[in-house]
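Colleague: Before I plan anything around this complex, I would like to go through the terms with you and hear what stands behind each of them.

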Amino acid sequence: MDSYIWGVILVSALATFATRALPFLVLGRYTQHPLLKFLGRYLPPVMMVLLVIYATASLAVDLPGLAQVLLATLSVALLQWYFKNPLLSIFIGSLVYALLL
Amino acid sequence: MRQLLSTTLPVALGYVPLGMAFGVLFVTQLPYEWYMATAMALFVFAGSAQFLSIGLIANQANLLAVAAAIFLLNARHIFYGLSLLSELRLRGWRRWYLIFALTDESYSLITALPHDKRADQNMQWKITLINQSYWVLGCTLGALLGQGVTIPTEGLAFVLPALFIVLCVEQYRVVRAAGLMLAAAGIGALAVWIWAGQMLLVSIVLAIALLLVTYRSGRWIATSGE
């Protein structure tokens, strides 16, 4: 149990450091490469979509659960779109989710 | 010192509450002591990655999936680094510490510094160190406070998804890649359906394949709003 979380911390630390160090170690020469620019633009939105699904998958195991997740997701997205206040969106979204239980 | 504190004050106002939220979530969602949250703040030092790791640890995700997810979640740092390459003149451990701790906030403060003086090079790593101190403080405080309270877990279950939905909306606001994001949603749903246990790793591999195909064919880019 304890070795597992230390493993996660080690791997997370290395993976994060890799993203910060890569440009200084190897990628410096390729600053202008079109594939790198393309990934820089489109990888983040794609990853965020995957993470939303990953984080909600365990909550949406049946039909009522799925409806609850979809409604809460919609409220967070709309709040964030119109008010641009992350704490507000997260707080009210969680409240909506809890109230729908 | 005074200048350092006033420069980094906005970061403190962001990091301390967000760090506390992480700390509270960490000790209430996971069966670990408070100091593991501190260890994460010290060694990982990445907001969204630390929040994601709570979900990963709760699901007992395998370490390969952890590595892939954290790397790609933080991949935006690669592009910060690229733009700092020519400006970073620090050498030795200060250089490597700055690279290790190059968060969104440190990056934006550093790139906003005036260009001229040699002293600015020292400002760069000092700013970074102070920023990390705020984060470590926030995470630790949150974890200590979270130990004492019992919070209904139902509401907390949606905090992590909500954080990613917020980041998703902000990505959409900038990139406007609706087609690509819908395709990613399809891939994610398919991966949940078929490879439930390995969903994250499988969907990351499929999504990268999708991106490479899109890059080659140039499709969907027309919807990017460029």
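Colleague: What makes you speak of domain 1 and domain 2 in chain A, and where do they lie?

Modeller: The domain assignment of chain A gives residues 1-31 as domain 1 and residues 37-101 as domain 2, where the bounds come from an automatic or database domain assignment. Taken over C-alpha atoms, the centres of domain 1 of chain A and domain 2 of chain A are separated by 27 Å. This is a predicted model, in which local features need pLDDT of at least 70 and side-chain atom pairs count only at pLDDT 80 or more, while totals for chains, interfaces and linings use all residues. Residues are numbered from 1 along each chain as its sequence is written, and chains are lettered from A and ligands numbered from 1 in the order in which they are written.

Colleague: How do you know which residues of chain B and chain A take part in the contact, and how many are there?

Modeller: Two residues are in contact if their C-beta atoms, placed from the backbone, lie within 7 Å, and by that test the contact takes 65 residues from chain B and 57 residues from chain A. Helix α10 (residues 159-175) of chain B gives the most to the side of chain B that touches chain A, with 14 residues; helices (H or I, at least four residues) and strands (E, at least two) are DSSP runs, numbered from the N terminus.

Colleague: What is the make-up, by class, of the side of chain B that touches chain A?

Modeller: It has 54 nonpolar, nine polar and two charged residues, where Ala, Val, Leu, Ile, Met, Phe, Trp, Tyr, Cys and Pro count as nonpolar, Asp, Glu, Lys and Arg as charged, and the others, Gly among them, as polar.

Colleague: How is chain B divided, and how many residues of its domain 1 are in contact with domain 2?

Modeller: Chain B is divided into domain 1 (2-153) and domain 2 (156-224), and 15 residues of domain 1 of chain B are in contact with nine residues of domain 2 of chain B. On the domain 1 side, α4(B) gives the most, with five residues, and by class that side has ten nonpolar, five polar and no charged residues.

Colleague: Where in chain B is confidence lowest, and where is it highest?

Modeller: On pLDDT, the predictor's confidence in each residue, from 0 to 100, helix α9 (residues 153-156) of chain B is lowest at a mean of 69, and helix α2 (residues 34-43) of chain B is highest at 96. The mean pLDDT of chain B is 85, but over residues 222-226 of chain B pLDDT stays under 50. For the complex, the predictor gives an ipTM of 0.91 and a pTM of 0.82.
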